[in-house]
Structures are given as C-alpha cells and as structure tokens.
Amino acid sequence: MAERNRRTVRDLRRGNRARVLQRLYFDGPLSRQELGPVTGLSSGSISNVVAELSAEGLLEEAGVVDSDGGRPRTLLRVAPDGGLLVGIDIGETRVRVELFDLSLTELARTERLLAQHGYDVERIVAHVRTGVADVLRDAGADPRRLLGIGIGVPGIIERDGPEGPDGPRGAVVHGQTIGWRAVPFEQLLREAVDVPPEVPLFVDNGAKTLGQAEMWFGGGRGAGAAAIALIGSGVGACVDHGDILDEDRTSLALEWGHTTVQLRGRRCRCGSIGCLEAYAGAEALRERWREAGGPLPEDADDETALAALLAAAYPGRRGTPDPVALALLDETAECLGAALADLVNLFLPERILIGGWAGLLLGPRLLPEIRRYANEYALSHAAARTTIEMGRLGPDAVTVGAATLPLADFLTRGGSRPAPGATGAPPRTAVHAVRERHRTPVN
C-alpha cells in the first residue's frame, strides 16, 4: 500500500509539472497568477512546480507586466536551452537532419541526397548516424542534453511487433512503395546512432509529423479538425481532431495516396492502378511529362522535372504556355480536388492544408482549380464548412514535426529526463494522443 501511495504522489507531481510546462509552452509567457486558472492548480502547487522547474533550468523569466494596484508580475516561459531535440525527415529525395533547442529554433542541419542510391536501408541508417553526429558537432552540443530523436518515414508503422533475437524491435516499417518490408528501423537506428542509451527514438510517418507541426505551429493551429496533405514524390495525408491540449485529441495518418481516382487508370508504383499518387505524386508527374514529350534529360530527378513542367505551363509574360503541360496539370488538379473531396466527405475537417515540397510548388499555381474541383466532387454542406489552404511551415515542416515527437513526450513527463532503456513509442498524451495502437498507415 505504501508503494502504491508513493506512485500516486509521484504521478500527481509529474502531472502538475506537465500542466504547467504545456501551458507555458503553448500559451506562454504567463505569470504565476495566470497559471492557476489555466492549469486548475492552487497557488501553492504553482509555486512549488515553478520553483522545481526553474531550479532544473527548464523555466526562465521573460519580463514583467504591470498589475492593477499591485506589484508587477513576473512572466515565465520554457527555457529554450533546457534541452535539445533532433528531427529527421526520411524523405523520398533526401534525408534531412536538424538539431533544435526547446523552442524549436534550428541550431544545425545537414542533408543527404538519395537520388543515386534509392532507399537502401543500410545506407539510410548510415545517413542518419552521420547526420546526427554532424549536427551535434556543428552546434558544439553535448549528446547528453538530447531529450530524444524523432524520425518521419514513409510506410506503414507497426508497433509492438514480434521480438527479434536481441529483444523488442521497436517500430517496424512496411514501406511498399520504397521496397521496405518489415524493416526493424528503430532497432537498426538504436544500434547505429551514437547517442546515450537513455535517449529515446520516436519513429512515425512523414505525413503525420507534417500534420503535427502544422497543428502546433502552422495553419492548423486552433482548428477542431484538420486534414493535412503531404505531396512529394509520393502522396500522403493525416487527419487531426481536437485541440493540441485536448486529452481526447486523435491523429490518424492515411494511405491517401493509394485511394483510387481513376478506374482502370495508370499503374501506381505500389502495384495497384488508378491511385492518386499515380497522377499527383512528383515521380508520376515526371513520367507523365516525359510520356507527353516534355523536354527532360534522361537523368532528371523529380524536383528538376516538376520545375520544368511548371515553367512550361506558366512561362511568364513573354512566353507561350505549353498546352500539353497545362492539360496535364489541370488533370492533376482535378485528381487532387476529387481526392480532397473524399477527405471532406469522410472526416468533415474545418481546414485542409497542402504541404510537402511538391505541394508547395504546385499549390500556388493549382490551388484555385483544386478548390473548384473539390467543391464539385464534395457534398455541398460539408464543402461549405471546409477551407483549403497552403501549409505555412514550408519544406522543413516534416523535420519540425519529427522533433515534436520527443518534445511531446518531454512535456508529458513534466520535464523529467528519459530513463535508461527508454523506448520511442509515441506518447499517449494530451499533446500527442495516439488511438491506433498497432498500425499507423502512412505514406
């Protein structure tokens, strides 16, 4: 009984710390007096928690504000140098590694292109290993200050899968479009990356980390429900319901790129036919433009090809638009609009945001047509309450979102450091609730 009481007291203390940290992180700076009403804690509890967190270097003063008839009130905020976070985007054109402080200010970055070697697992693990070492070295950072490493990947994530010969394998990735079948990615990274063993790894999908970044800091902030589309070489999406501090918040990644937009249509790289990705993904656009006679070098990558296609369709004031390029992009806009209409009808989001490197290139040109087609294909009442906009965080959104995975865990633990042997399962928390325990479909 005594042990149970000790656990209860410890959990209560951790919960109080988490409430204060989360409110200061998302709504701060705030004074001690303001923290009481928003956390539901007594003034004595606030004082104790603030004193603890300040002594640990996790809170700092952020100025003072005048008080009506009383002493000026000191504002508090989460200290940016209270810890370090790494966010990694295992994209389809490159591996991007970034080091952040607690305010998600970038401290260092590095990239590794994948064009020549594709998605060889060993090479990508090596890119992650050297990338993490590079950003820590470039920032002069102590690895012991790391709160965790978040990694966004393409594929379906399986958790709590069968154990390997050396114990639990952690997150296992099934990436059909990139040739990954049951890759024990978390285990491989844990064995390869040179960081202290207590630093947790968090593996989730790129579309989902993009969505979390937009919900926390971008165009999804304040929305009760939002769908975020990631358009790159492939296509994915996620749907978020609930405020970032809502304990009932859910985040669901979708294999949206492999929904059917054309019966008996083009062959998708997943092996099926008529998938959205076969029409709107940058890899498919490159092949469609080449088939249409577009002037492309044989070794043109997806980014070069998409830029050439857009330049042909929209050459500027002195050029003549290529009618074939315009027709191809109009078909792409219709496919995207129809697929977004499916998200509207199924999930009734308040907002839809378009992101990903290819989405950021296509969106400014195609957004009016995408909206028009989405309205034509969606139910009118549902479409009327949904806005379709561009994501606001740019091409680094997946990396920022990956860094929010360990950040969410840190905030939920009330600022306590990871224990030795910590794992990177997504935290079941107010800021990152995960309802789908075993499988998270992603792209």
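## Ground rules

Because the model is predicted, local features need pLDDT of at least 70 and side-chain atom pairs count only at pLDDT 80 or more, while totals for chains, interfaces and linings use all residues. Numbering starts from 1 along each chain as its sequence is written, and side-chain values use heavy atoms, with hydrogens and water left out.

## The sheet

Start with the open sheet: five strands, ordered β6-β5-β4-β7-β11, with mixed pairing. Strands here are DSSP runs of E with at least two residues, helices are runs of H or I with at least four, and both are numbered from the N terminus. Two strands pair if DSSP finds at least two bridges between them. The edges belong to β6 (106–113) and β11 (201–205); each has a single partner strand, so one side of each has no neighbour in the sheet. From one strand to the next, the twist averages 15°.

Inside the sheet, β4 (residues 84–90) and β7 (residues 146–153) run parallel and are joined by six bridges. Asp 89 sits opposite Gly 152 in β7.

## Two helices across it

Helix α4 (residues 121–138) lies across β4, β5 (94–101), β6 and β7, at about 150° to β6. Helix α5 (residues 185–192) lies across β4, β7 and β11, and its angle to β11 is about 145°. The axes are lines fitted to C-alpha atoms, for helices over the stretch in contact, and angles run from 0 to 180 degrees between N-to-C directions. Contact means heavy atoms within 4.5 Å.

The buried residues of α5 include Phe 185 and Leu 189; buried means under 20% relative accessible area (1.4 Å probe, protein chains only). The buried residues of this helix pack against β4, α4, β7, β9 (172–175), β10 (180–183) and β11.

## Arg 112, a buried arginine

Over in strand β6 you'll find Arg 112, which counts as buried at 16% relative accessibility. Its side chain makes polar contacts with the side chains of Thr 110 (2.5 Å) and Asp 134 (2.6 Å). A polar contact is a pair of N or O atoms within 3.5 Å; within protein, one must be able to donate a hydrogen and the other to accept it, and residues adjacent in sequence count only if both atoms are side-chain atoms. Leaving aside residues up to four places away in sequence, Arg 112 also touches His 127 and Thr 130, among others.

## Ser 251

Ser 251 belongs to strand β14 (residues 250–254) and is buried, at 2% relative accessibility. Its side chain has a polar contact of 3.4 Å with that of Asp 240.

Key
Buried means under 20% relative accessible area, exposed over 50%, partly exposed in between (1.4 Å probe, protein chains only).
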